[in-house]
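Okay, thanks for coming, everyone.

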Amino acid sequence: MSEYRLEMRGVVKQFPGVKALDHAQLKLRPGTVHALMGENGAGKSTLMKCMFGIYKMDEGEIYYEGKKVNITDPLQALDMGIAMVHQELQPVPERSVAENIYIGRYPMKKLLGFIPVVDHQKMYDNTAALLKKVRMNFDPKQRLGDLSVSQMQSVEIAKAVSADCKVLILDEPTSSLTANEVEALFRIIEDLKAEGVAIVYISHKMDEILRISDEVTIMRDGKYIGTWESKGLTTDKIITQMVGRELTNLFPKRNNVPGEVVFEVNDFTSISPRSFRNCTFNVRKGEILGVAGLVGAQRTELMEGLFGIRLHSKGTIKYKGKELKITRPRDAIKQGIALLTEDRRATGIMGVLSVADNISIASLDQYLDMGIVINNKKIEQLVQDNVKKMSIKCPSSKTQIQSLSGGNMQKVLIGRWLANNPDVLILDEPTRGIDVGAKYEIYCIIEELARAGKSIIMISSEMAEIIGMSDRVMVMCDGRITGFIDGKDANQENIMHLATQFETAPSAAV
Amino acid sequence: MGKKLNAKAVTKWLSDNAIIVMIVLAAIFTSTQNKNFYSINNIRNLLSNTAVRFIIACGVSGCLITKGTDLSAGRAVGLAACLSGILMQKASYGDKFYPNLPELPMILVLLFVMALCGLLGAVNGSVISVLKVPPFIATLGMQQLIYGACLVYTGAIPIGGLRNDYTGLATGYVGTRMLSNLTVIAIVIGLFMWFLYNKTRYGKYMYAIGGNENAAEVAGINVTRSKILIYMLAGLAYGLTGFLVCAKSGGCSVNTGMGWELEAIAGCTIGGVSVNGGVGKITGILIGVLVFEVLKIVLQFLGVESSYTYIAQGLVIIIAVALDLRKYLAKK
């Protein structure tokens, strides 16, 4: 019998253009909490999805209680006793708590001896017992949508427990919880631990990790870095291991000169209490302001708020001292702001339309003859100019944009915004999912724009990119701006320190 | 470059255009069975029928391209037909709806029915884009609403005794008898729609919204206004269709244009308007509608009982959409 409940060895997972996991490993002992840590994109979630059978490993082995197993889908994982509470909960809010727990595997009984029907009584009784186990005492018949986020999470955990799990994966379980709710969750974890469940705990919150976990495994760039006992660890040690990566010369030399402050945001606050709040910052002419933070820091939400995609309850935006009124994206565009969104496919490209249509859609007013007729020659000129300037690889301007590579799509979208000649460019993860060569080209474009006097705000979850490209770094954590670091002084440690300054952190973490 | 003509390319082309190919083959077969298939009267009939249905299909196409639909199209045509008929009755006609109505200028009546249908379309567009009611439901409601209003207004009596200048609009022709006024009007509308779809911001925004509504909003497009305009333009097309259909049939009732919205949607789909949005050409819509009309005539010539034609049409619609989706799925 192995001393480990579950072992993953030499796991390799290749996605188009990226090696997401490069010989990663994980060893879980029964009755312990094992923290899995790493920067955004280090491969934590990917590794868990391999364990849970959502992704198929390219290489590697999984041993469950000493026996080699092959997990091909989540149902099989559940059968074996592996349960996962996802980062994004996927409940059915219109149905009852009990139905959410037993969805897809309702207890059945035979009516009149042969008609199979759902045994509601049994379902409700079982649910009540489960809820008691996770220290919750609400009615199993209650509509799930009426519960708070933390209660829903407890239901998810109850669901995992109901599957009689031996391994429980918690992916960022506290990202939307208040301090009290976190305490409640920890009590449940302690209970499960006492029952011998092996728990994988993924989180960015250092103080939580140090408090709840027994062991810590750190990953970086898809690789396994090491496993330590939590007792001897400190926040500093963890951060050093998480970010200890060499910065190679992946970035162009920057010759842009930041000038006077032109873009000012003051006390900008979302209508949602869990989102961005009291954000005050400014950007200079010709400056690249890097925006760093962990997943859930609300960086994208803040930028979408500035651009009028999300609503804000208070705060002002000024350009060159003049206040801007922005309630919709087109207000922002008219006033010289551009936003390259984070998710190219969801909010960027119009997949079935041509490159020409995609690049010209935000600036059609410029290509009109007699104020009505679109001059296709001018649009063709725009396409050719951009193709040349940014070396976009596309067979023709009539090519459907969805057939281009990520890097070329991104260049087309940058071209779309530049056609409007904006003063402030907000770039949200401009190089996500783009291969290394195209990344460098996009960095060059960004540098050139800053040199031309544009104010650039660049969100990035890649530390190297933030450090390599920013004149100044703004760090956010949990909806607030937690500090600014001059580009020259920025390093992974000081950024990570600001990025983990949670407001609700217990006082122990000083 | 030059496209290689190999077996694979031919197979792909055939499966992409399967419905059209099948119906063209059926037409060729029918013409060998019956010489009258190529008669001037038959062609003229085919073109006129295609003409009115093409105009309503042009209207619906904008809704489809933006991933919407318009189920109120047929009823709007019915309403427009009834109103046109009522306002264009002969002074001498015994059963005149408004006995004391003076002879109105034809163009005024046309503009009136178009404006009314355009207004109803704008209401559709507003309900869909402002209140966010799914297009299927919003326009289904409008369909019932218009039908009911039309029943109440006309009392369900058939409308006849139309003025000669009005019916002459449909019987008249330009140059050759084959080219009826209706056909000419449809060609003008087709050219106008082609211009609108390909050469104006209206068209570009429409395709962009269909391609990715969220991205369109982020790119600064006024999606709400665009949608209202699209449904309003559709309404204007229905108004024109109703006006022409009444003249063509020499009379009408509340049931005029019954089910035409479905034929129009079918025609668009056969012609390559994608139900996934963002794709569709006016030339394709013309071919789609034409093919659908050819199908009807073929069945008629082959002596298929009219009840059966519905079955054939239903099959064609499902197959056309299935083939369209297959094209889309293949890309994933």
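Before the holes in this thing, let me say what I mean by one: on a 1 Å grid over the protein atoms alone, a cavity is a set of points where a 1.4 Å probe fits but cannot get out, a pocket is an open set with protein on both sides within 12 Å along at least five of seven lines, and lining residues have an atom within 4 Å of a point. Now the housekeeping. This is a predicted model, where local features need pLDDT of at least 70, side-chain atom pairs count only at pLDDT 80 or more, and totals for chains, interfaces and linings use all residues. Residues are numbered from 1 along each chain as its sequence is written, chains are lettered from A and ligands numbered from 1 in the order in which they are written, and side-chain values use heavy atoms, with hydrogens and water left out.

What lines it? That's B:Arg53, B:Ile56, B:Trp260, B:Glu263, B:Ala264, B:Gly267, B:Val289, B:Phe292 and B:Glu293. Helices H3 (40–65), H12 (260–270) and H13 of chain B each put two or more residues into that lining, and H12(B) gives the most, with four. Helices here are DSSP runs of H or I, at least four residues, and strands are runs of E, at least two, numbered from the N terminus. By type, the lining has five nonpolar, one polar and three charged residues. Nonpolar means Ala, Val, Leu, Ile, Met, Phe, Trp, Tyr, Cys and Pro, charged means Asp, Glu, Lys and Arg, and the others, Gly among them, are polar.

H13(B), residues 282–301, also packs on H2(B), residues 18–33, at an angle of about 40° with the axes 9 Å apart. Those axes are lines fitted to C-alpha atoms over the stretch in contact, and angles run from 0 to 180 degrees between N-to-C directions. Contact, by the way, is heavy atoms within 4.5 Å. On the H2(B) side you've got B:Ile20, B:Ile23, B:Ala26, B:Ala27 and B:Thr30, facing residues of H13(B) including B:Val291 and B:Phe301.

Zooming out, chain B has 14 helices and zero strands. Its radius of gyration, taken over C-alpha atoms, is 20 Å, close to the globule rule's 20 Å for 332 residues, so chain B is as compact as a globular protein of that length; the rule is 2.2 Å times the number of residues to the power 0.38. Chain A, meanwhile, has 17 helices and 24 strands.

Last stop, the second largest pocket, about 1,700 Å³. Of its 48 lining residues, the closest to the centre are A:Gln400, B:Gly272, B:Val279, B:Gly280 and B:Lys281. Helix H14 of chain B, residues 306–330, gives the most to that lining, with five.

Note on methods
Points joined across faces, edges and corners; volume = space filled by probe spheres on them.
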